[in-house]
Amino acid sequence: MAEENKDQEQEEKKGGKKKLLIILLLLVIILVGGGGAAYKFLVLDKQQKEEENKAEKIQEEIKDIENLGIMFEVGTFIVNLADKDADRFLKITIILEIENEQVKMEVEKRLPQIKDAITTLLFTKKSKELKTAEGIELLKEEIIKRVNAILPLGGVKNVYFTDFVIQTA
């Protein structure tokens, strides 16, 4: 009888260990599955959305290229930059993309004002700002804002630089 009780206790201990092992194994499987699901929903979905946004931006740029406006060459500007450490010059040729013929006529009428606004803006720039792609894009945006502020109806869609040279004296 004593031996039977000992055998039963040993079997219960083995059975208890098996149950504990199964429960731990199930917990590990649930945690791994939950972590995998969280990774998919939180990380992979964000990456997929970013890729979709990039694709949409590319499509918008293609549409913008297809809907080109009228090109108007403002001219070539040679200005001193605002650098304190050395004399630096900027030579830049600017072309405006405008919406229609009415805006083109307004640009032609106000060309001296537009050139003055652009020249004044260029005087404030430093060569360090203009050596980065972000700096050039910011300059384009500032030119668009200034020229549209001069025009009664606005109408400048984009700015293009066909010549862009920074020279140290």
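In helix α5, the residues Gly 135, Leu 139, Lys 140, Ile 143, Ile 144 and Val 147 are buried, where buried means under 20% relative accessible area, exposed over 50% and partly exposed in between, with a 1.4 Å probe and protein chains only. The model is predicted, and local features need pLDDT of at least 70, side-chain atom pairs count only at pLDDT 80 or more, and totals for chains, interfaces and linings use all residues. Residues are numbered from 1 along each chain as its sequence is written, and side-chain values use heavy atoms, with hydrogens and water left out.

Helix α5 covers residues 133–150; helices (H or I, at least four residues) and strands (E, at least two) are DSSP runs numbered from the N terminus. With 18 residues, α5 reaches 26 Å from its first C-alpha to its last, close to the expected 26 Å. That expected span is 1.5 Å times one less than the number of residues. The cover over the buried residues of α5 includes β2 (88–98), α3 (111–123), α4 (127–130) and β3 (156–168).

One of these covering elements, α3, also packs against helix α2 (residues 101–109), at an angle of about 75 degrees and with the axes 5 Å apart. Axes are lines fitted to C-alpha atoms, for helices over the stretch in contact, and angles run from 0 to 180 degrees between N-to-C directions. The two helices, α2 and α3, are therefore roughly perpendicular to each other; angles under 35 degrees count as roughly parallel, over 145 as roughly antiparallel, 65 to 115 as roughly perpendicular and the rest as oblique. Val 107, Glu 108 and Lys 109 of α2 meet Leu 111, Pro 112 and Ile 114 of α3. The residues of this contact divide into 4 nonpolar, no polar and 2 charged.

Asp 83 counts as buried because its relative accessibility is 13%. Its side chain makes a polar contact of 3.1 Å with the side chain of Arg 88 and one of 2.6 Å with that of Ser 127. A polar contact is a pair of N or O atoms within 3.5 Å; within protein, one must be able to donate a hydrogen and the other to accept it, and residues adjacent in sequence count only if both atoms are side-chain atoms.

Arg 88 is found in strand β2 and, at 16% relative accessibility, also counts as buried. Leaving aside neighbours within four places in sequence, the residues in contact with Arg 88 (heavy atoms within 4.5 Å) include Val 79, Ser 127 and Ile 166.

Notes. Ala, Val, Leu, Ile, Met, Phe, Trp, Tyr, Cys and Pro count as nonpolar, Asp, Glu, Lys and Arg as charged, and the others, Gly among them, as polar.
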